[in-house]
Amino acid sequence: MHRTALVTGASRGIGRAIAIGLARRGYDVAVNDIDRQRAALQEVAAEIETLGQRALPVFADVSSKSDVVAMVETVESAFGHLDVIVNNAGILISGDVAGLKEDFWDSVMDVNAKGTFLVVQAALAGMKARKYGRIVNIASIGGKHGAPEQAHYSASKAAVMGFTRVLAQEVGVDGITANCVCPGIILTDMGRVNLDDPAIRNAWQEKTALRRIGDPEDVVGAVAFLASDDAAFITGQTLNVDGGIVLS
Ligand SMILES: NC(=O)c1ccc[n+]([C@@H]2O[C@H](COP(=O)([O-])OP(=O)(O)OC[C@H]3O[C@@H](n4cnc5c(N)ncnc54)[C@H](O)[C@@H]3O)[C@@H](O)[C@H]2O)c1
C-alpha cells in the first residue's frame, strides 16, 4: 500500500526536513503552511516531486477549524486516503509571566495545542474507517522542562503531550497510534530565539550530552520511525530528540 502523509508547518525548519525525509522514504506528502509562506511551501513541494513522490501544498491556518477541515478534505480527495499526520506547525513568542499579554498566551495555545487537536479531529474519521493511522505530534523538551519567558509555550507543549496520551487510549482500538517527538534545541528560525546570543548558545551546548545544537534533519529519523510499521506497537509515548538534554 502506498503511504501518504500530511506535515503541517512544512515550509521551513523541522517541518520541511520531515516532509522531505518522508518523501525520501516513499511517502506521498501533503505539505501545509500559512498563506504567507506560499513561495517557500511550493519549493518544498517541488523538491518532493523531484524525489519521485506526489506532493500537495495546502494552505491553512491550523488554528482555524474551517481551514483545517477543508485542508484534510483536500488531501483525502487528492491522495485517496491519509495515513500519517505530523502536527509540526508551531509558534514561539517570548515573554515573562508577569508581563505576558493575553493575546500571546492565546496565539501560542491556539496554534500549538488547538491546532494539533483540530488536525487530528479532522483526520480521525478517515483513519478509523480504514483502521489505520499514525499520528506524530511535535511537542518540545520545553513542555517537560521549559525556560524563562516561555511559560505559555511550555504549557502549550505539555498540552500536546497530555492530549496525545489520551488520544492514544481512544484510538488504539482503531489501529491508530499517537506519539510525540520532543525536539531539543534545533537550529531553525524558531530555534534562533535561543541561539542568537553566543553565551546562550554555548550554555545550551554545554547542557547537551552530545555537545552540539541540533539540525532539522536530526528530528526526521524519530518521526519517520513512529510513522512506520516498525512502530506498530508503540503508542502514547514521547520521545526526546535533543542530543541528551532531558535524560530519562
Ligand atoms: N527549533 C527548536 O529548537 C524546537 C525545539 C522544540 C520543538 N520545536 C517545535 O518544532 C516545530 C517546528 O519548529 P521550527 O523550529 O521548525 O519552527 P519554524 O518557525 O522554523 O517553523 C514553524 C512553521 O510553522 C508554520 N506555522 C506557524 N503557524 C502556523 C499556523 N497557524 N498554521 C500553519 N502553519 C503555521 C510557520 O509558518 C513555519 O513554517 C514547532 O512545533 C516547534 O514548537 C522546535
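Mentor: The largest pocket is the space taken by the ligand. A pocket here is an open set of points on a 1 Å grid over the protein atoms alone, where a 1.4 Å probe fits, with protein on both sides within 12 Å along at least five of seven lines; a molecule sits in it if more than half of its atoms lie within 2 Å of its grid points. The model is predicted, so local features need pLDDT of at least 70 and side-chain atom pairs pLDDT 80 or more, while totals for chains, interfaces and linings use all residues. Residues are numbered from 1 along each chain as its sequence is written, and side-chain values use heavy atoms, without hydrogens and water.

Around the ligand are 30 residues (a heavy atom within 4 Å), and those that come nearest are Arg12, Asp33, Asn88, Tyr153 and Thr188. By class, this shell has 14 nonpolar, 11 polar and 5 charged residues.

Next, the polar contacts (pairs of N or O atoms within 3.5 Å). The side chain of Arg12 has an N or O atom 2.8 Å from an oxygen atom of the ligand. For the side chain of Lys157, the corresponding distance to a ligand oxygen atom is 2.9 Å. Ile186 takes part through its backbone, with an N or O atom 2.9 Å from an oxygen atom of the ligand. Of the 830 Å² of accessible area that the ligand has on its own, the protein covers 96% (Shrake-Rupley method, 1.4 Å probe).

Technical notes. A polar contact is a pair of N or O atoms within 3.5 Å; within protein, one must be able to donate a hydrogen and the other to accept it, and residues adjacent in sequence count only if both atoms are side-chain atoms. On a 1 Å grid over the protein atoms alone, a cavity is a set of points where a 1.4 Å probe fits but cannot get out, and a pocket is an open set with protein on both sides within 12 Å along at least five of seven lines; lining residues have an atom within 4 Å of a point. Ala, Val, Leu, Ile, Met, Phe, Trp, Tyr, Cys and Pro count as nonpolar, Asp, Glu, Lys and Arg as charged, and the others, Gly among them, as polar.
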